[in-house]
Amino acid sequence: MLRIKNGRVIDPASGTDAQLDVWLQGDRIAKVGPANSAPEPEPKAANGSPSEESFDASGMIVAPGFIDLHCHLREPGGEPSETIETGTRAAARGGFTAVCPMPNTRPVNDNASVTRSIVERAAAAGSTRVWPIGAASQGSRGEGLAEIAAMQKAGIVAVSDDGRPIATAKLLRQVMDYCRALDLPVIDHCEDSSLFAGSVMREGRQSVRLGLRGMPAATESIAVGRDVQIAELTGCQLHIAHLSATASLELVRAAKKRGLRVSCEVTPHHFTLSDVDVVYDTRFKMNPPLASTEDRAALVAGLADGTVDAIATDHAPHEAASKDVEFDRAPFGVTGFETALGLALELVHAGQLSLRRMIELFTTGPARVLGCERRIAAGEPGDLTIFSTEHSWTFRAQESASKSRNTPFDGRAFRGAPMATVVAGRMIYRREA
């Protein structure tokens with residue numbers, strides 16, 4: 001038995017915010033009770049000593065296990081950049097108890113065989129839970145439906161052609177019609193390919209100043225508008241990945257007011273940085289690109305007012321050689337597991353986001369997108385994220401558990417950090433300093 005004692009338990013699903021102890025037995029939460037309450041008689045280990053292990057969470061927050069709806073673990077096929085083992089280890093250090101890797105691997109996760117391989121590799125790694133997202137189309141090429149039902153049986157929790165949009169309105173309707181029957185969310189990387197072509201950052205003063213080809217914000221919002229209309233047509237659940245533009249946010253807000261099954265996520269780099277931060281450094285190259293300061297302010301407001309459902313990292317590791325090239329030639333993407341909580345807490349400390357709302361964006365919000373729950377209660381899965389809002393530390397990319405170092409936050413000082421991560425009743429990460 002594992003006992004988390006003296007922590008402040010914040011559970012958005014139940015409204016709990018109190019000093020409580022949490023006992024975990026096996027892979028489940030066994031009991032939640034008053035801090036320092038007398039435990040039930042402890043079973044004895046084989047050597048006669050008490051078998052209860054404890055973690056003193058004094059001064060810390062005990063939250064339901066964090067879920068990352070959007071990441072890239074690269075395996076199979078991209079192991080020089082990341083593996084399931086290194087990626088989930090980095091996720092655990094970031095406080096994540098479950099992560100959802102996108103299907104743009106090599107081969108693409110578009111059939112049950114690949115899905116099963118990912119699930120089995122994750123189980124062997126023994127770290128953060130891995131809930132794969134399957135391809136919407138064969139090879140994510142936009143030319144026909146992937147083996148969606150078979151992949152769902154093998155373990156996928158949603159479908160997407162992330163890395164690119166679902167190619168056509170006709171295909172998107174077919175995918176949504178099919179997924180509605182399976183009660184499976186469709187996640188789309190919203191982008192009008194004709195406006196995107198050849199662009200490397202957001203169009204604006206900074207792109208002109210740097211002489212880099214920019215894409216307008218409408219590249220994203222035009223596609224969001226298409227997707228919302230087809231979601232209304234089919235009744236399917238639609239989730240907008242890595243939303244970055246004000247117009248896109250307004251479309252989601254309007255869809256929710258009309259009662260449509262539409263949700264969205266925002267990444268930490270999009271609510272922290274803007275296009276004015278872009279320099280000739282490929283660690284600042286991601287897709288969607290960093291947006292305007294006005295867009296960033298709108299995203300923060302959307303996080304606070306409930307329009308945004310989840311914070312998702314879009315952790316996208318790349319081996320050093322692929323990023324150590326000219327800005328135009330480098331692949332899009334930045335790592336994000338280990339800095340996500342620290343960046344979100346910056347909003348909390350600035351008074352732009354309540355602590356409870358921040359926790360909701362990492363827990364019950366993404367859980368709702370996936371049709372599941374995240375609660376701290378007896379009988380629930382033993383997944384917990386324990387963090388400090390005050391622990392001071394500096395992120396060093398070279399010390400990351402990820403195989404890749406492509407982050408714009410190397411050397412950034414943080415106030416607040418994950419202190420321990422518990423998955424299935426087992427502590428898979430504990431901060432040492």
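I take buried to mean under 20% relative accessible area, exposed over 50%, and partly exposed in between, with a 1.4 Å probe and protein chains only. What I am reading is a predicted model, in which local features need pLDDT of at least 70 and side-chain atom pairs count only at pLDDT 80 or more, while totals for chains, interfaces and linings use all residues. Residues are numbered from 1 along each chain as its sequence is written, and side-chain values use heavy atoms, with hydrogens and water left out.

**Entry 1**

N6 is not a glycine, yet its phi is positive at about 70°, and N6 sits in strand β1 (residues 2–11). For elements I use DSSP runs numbered from the N terminus, helices being H or I of at least four residues and strands being E of at least two. I then turned to D183, another residue other than glycine with a positive phi, here near 55°; D183 belongs to the loop between α4 (169–182) and β11 (186–188). D183 counts as exposed because its relative accessibility is 57%.

I also noted the cis peptide bonds: one joins R106 and P107, with omega about 5°, and P107 lies in the loop between β7 and α2 (112–125). Another joins N287 and P288, again with omega about 5°, and P288 is in the loop between α9 (268–272) and α10.

**Entry 1: domains and their interface**

Counting contact as heavy atoms within 4.5 Å, I have 42 residues of domain 1 in contact with 49 residues of domain 2. The area buried between the domains is about 3,500 Å², with carbon and sulfur atoms giving 62% of this; buried area here is the accessible area (1.4 Å probe) that two parts lose on being put together, summed over both.

How many salt bridges does the rule find across the interface of domain 1 and domain 2? The rule finds two, a salt bridge being a side-chain nitrogen of Lys or Arg within 4 Å of a carboxyl oxygen of Asp or Glu. I also looked up the salt bridge of D383 with R129, where the closest N and O atoms are 2.6 Å apart.

**Entry 2: nonpolar cores**

A nonpolar core is a set of buried Ala, Val, Leu, Ile, Met, Phe, Trp, Tyr and Cys residues joined through side-chain atoms within 4.5 Å. The largest one has 106 residues, and I4, M358 and F387 touch the most other members. Helix α12 (residues 340–349) contributes its largest share, seven residues, and this core draws at least three residues from each of domain 1 and domain 2. Leaving out residues up to four places away in sequence, M358 touches L341, A344, L345, V348, L353 and F387. A second, separate core of 15 residues includes I67, M102, A310 and V369.

M358 is also one of the buried residues of α13. Helix α13 (residues 355–362) is largely enclosed by the rest of the structure because seven of its eight residues are buried.

**Entry 3: strand pairing**

Two strands pair if DSSP finds at least two bridges between them. Strand β17 (residues 384–394) is mostly covered, with eight of its eleven residues buried. Strand β5 (residues 61–64) pairs with β17 in the antiparallel sense over four bridges, V62 standing opposite I386. Strand β18 (residues 413–423) also pairs with β17 in the antiparallel sense, over eight bridges, and the bridge partner of L384 in β18 is V422.

Elsewhere I found an open sheet of three strands, in the order β6-β7-β8 and with parallel pairing; its edge strands, β6 (66–71) and β8 (129–130), each pair on one side only. Strand β7 (residues 96–101) pairs with β8 over two bridges, and A98 stands opposite R129 in β8.

**Entry 4: two buried residues**

A158, in strand β10 (residues 158–160), counts as buried because its relative accessibility is 0%. D295, in helix α10 (residues 293–305), counts as buried because its relative accessibility is 9%. Without residues up to four places away in sequence, D295 touches R202, S244, A245 and T246.

Methods
Domains from an automatic or database assignment.
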